[in-house]
Amino acid sequence: MPNIVVLVKRVPDTNARIVVNGDRVDLSAVKWVISPYDEFAIETALQHKEAAGGTVTALTLGPSGSDKVLKDAKAIGVDEIVRVWDDAWTEIDSNGIQSALAQAITELGAEIVYCGKTAADTGAGSTGPGVAERLGWASVSNSTDASFDGGLTVNTPMEGGSARVSVAGNAVISCDKGSLKVRKPNVKGIMMAKRAQVNVVTATAPASTVTIVSQNPPPAKPAGKKFEGGSSAEQVARLLRDEANVI
Amino acid sequence: MSESIIIAETNKGTIADVTAELVNAAIALGTTPTVVVPCTDATIADGAGYEGVARTIAVKGDCFSNYDAASWAAAIDAAAPSGIILAAATPQSKDIAARLAARRGLSVVQDVVSINGMNLTSPIYSGKAMQTVAISGDTVISVRANVFPAASSSGANVSVVDQSGDVATAVQEIIARASTRLDVSEANIIISGGRGMGSPDNFSHLEKIADTLGAAVGASRAAVDTWDEIPHSMQVGQTGKTVNPNLYIAVGISGAIQHLAGMRSSKYIVAVNKDADAPIFAHADYGIVATWEEALPVLESAFSSMMA
């Protein structure tokens, strides 16, 4: 019966206004949520457990403020919740994050890991494949429509369409939405989550080689040209060819 | 000058244009790049020389016949020298970038849109802010298309190395898209419809323009959630795909923050909306205040005569 780990990350609510103060983003007033794609990963992990048995452990990397998203995952239905952290990690880069997560996953004895295709804050999508490489595992990214009968198979985009791929052995699967409907926490789940204990573990992380210089608002876009009426579309088409040079 | 490695972007058996842009990104980093072309047939690399490039290596292996992240990263790693690695910020190459970085114990910086010395800038929070980081030592970076100018071609020699990688996943079935139209993640021009299109049948008007321009058809989340006929694979936005084409045409899309997150970095944005106050107009280079019924036929005939 598979030992399943699902990676979750806390991010600002995707509807939150992002404020920059000085040269850093100020997140003191945002509401924190599970990164939306991680919800697809949790749902897929729970479906895997329902099909094959085993346990689902939600794992996050972060300071104690990240406990909330672990409890949110618990309320949805995961069995165990684990947080890996070291207060010395004031600025941890992708190399450090993936190393620490890979150690925690090994400690947990996981055989299969699900995560979101990207986190809603960075949008990078590096964690799933990066952790897989460190573990020496297979990885499938942007995967949808997982099925567990006779081994794990998933859909993944491929040039000109998509491919149904089967995964034998250990793997990290980065999940997209596809046709998935995610379950919501019920009252019993929320009550259980309140009492749940977060298992805090630590790991070692290599020194960061990427340091944040500044965070800024996006460059303001110069005001565009606005036209009234459908017949102006002809002029817009000409501008796209002659001014923008994109046609 | 120190050396860097460019992982060539391939598409339909040819080298994609963004590869030439990566050459200038590598030069902006003060490096001289070696272009590595993953392929099953080395003839794909013929003519893949660019001005400013040290050399081109075609890495030929059976593992490149289907995409498998583990084997691609292993084979490219074995064939590529050390140095900063650059790849295109496409879903597949970002995936390879992350695995290659992990394989070499390096950090990865994705979706770079500007390079200044060793400072790299990428969008964060779905483009609601920009982050600049400083890198020290070898790093793997992915660079978005349409940011750097393309390097000119030159007739450089191509060396071929055979490389294998252990394939970790098995393709059971390739599911071709029902239409030959490009996916939004592949296209340089995208025309998207929102709930303002009124019904999914009316997307045929977007498809007509898409086929004239060789564009992809996208949709807003509202359209995908409302109509079963519009699949999630077409969705542009926060819970769909992030795109940065040369031209994005939004039709009947109000411009919710969810949608803007996926397309605001497009080079040129055209909005067609009957509501003059729709938020999408604040992000449009060219706005047309009109119903789609009024604007699309005019747009279609103008594009048709231009493409003729």
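Tutor: A residue is called buried if 20 or more other C-beta atoms, placed from the backbone, lie within 10 Å of its own, exposed if 12 or fewer, and partly exposed in between. This is a predicted model, where local features need pLDDT of at least 70 and side-chain atom pairs pLDDT 80 or more, while totals for chains, interfaces and linings use all residues. Residues are numbered from 1 along each chain as its sequence is written, with chains lettered from A and ligands numbered from 1 in the order written.

Student: Which residues of helix H6 of chain A are buried?

Tutor: Helices (H or I, at least four residues) and strands (E, at least two) are DSSP runs, numbered from the N terminus. H6 of chain A covers residues 233-242, and its buried residues are A:Ala233, A:Val236, A:Ala237 and A:Leu240.

Student: Why do the buried residues of H6(A) line one face of the helix?

Tutor: An α-helix has 3.6 residues a turn, so residues three or four places apart point the same way. The arc is that of the directions from the helix axis to the C-beta atoms. Seen down the axis, the buried residues of H6(A) line one face because they fall within an arc of 100°.

Student: Which elements of chain B do the buried residues of H6(A) pack against?

Tutor: On chain A, they pack against strand E15 (225-228). On chain B, their partners are strands E16 (247-251), E17 (268-273) and E18 (286-289) together with helix H7 (292-307).

Student: How many residues of chain B are in contact with chain A?

Tutor: Contact means that C-beta atoms, placed from the backbone, lie within 7 Å. Chain A brings 71 residues to this contact, and the number from chain B is 74.

Student: What is the bridge partner of A:Ile212?

Tutor: E14 (residues 210-216) of chain A and E10 (residues 129-135) of chain B pair in the antiparallel sense over six bridges. In E10(B), the partner of A:Ile212 is B:Val133.

Student: How far apart are the centres of the two domains of chain B?

Tutor: An automatic or database domain assignment sets the bounds, giving domain 1 (2-162) and domain 2 (189-307). Taken over C-alpha atoms, the separation of their centres is 31 Å.

Technical notes:
Contact = placed C-beta atoms within 7 Å. Pairing = 2+ DSSP bridges.
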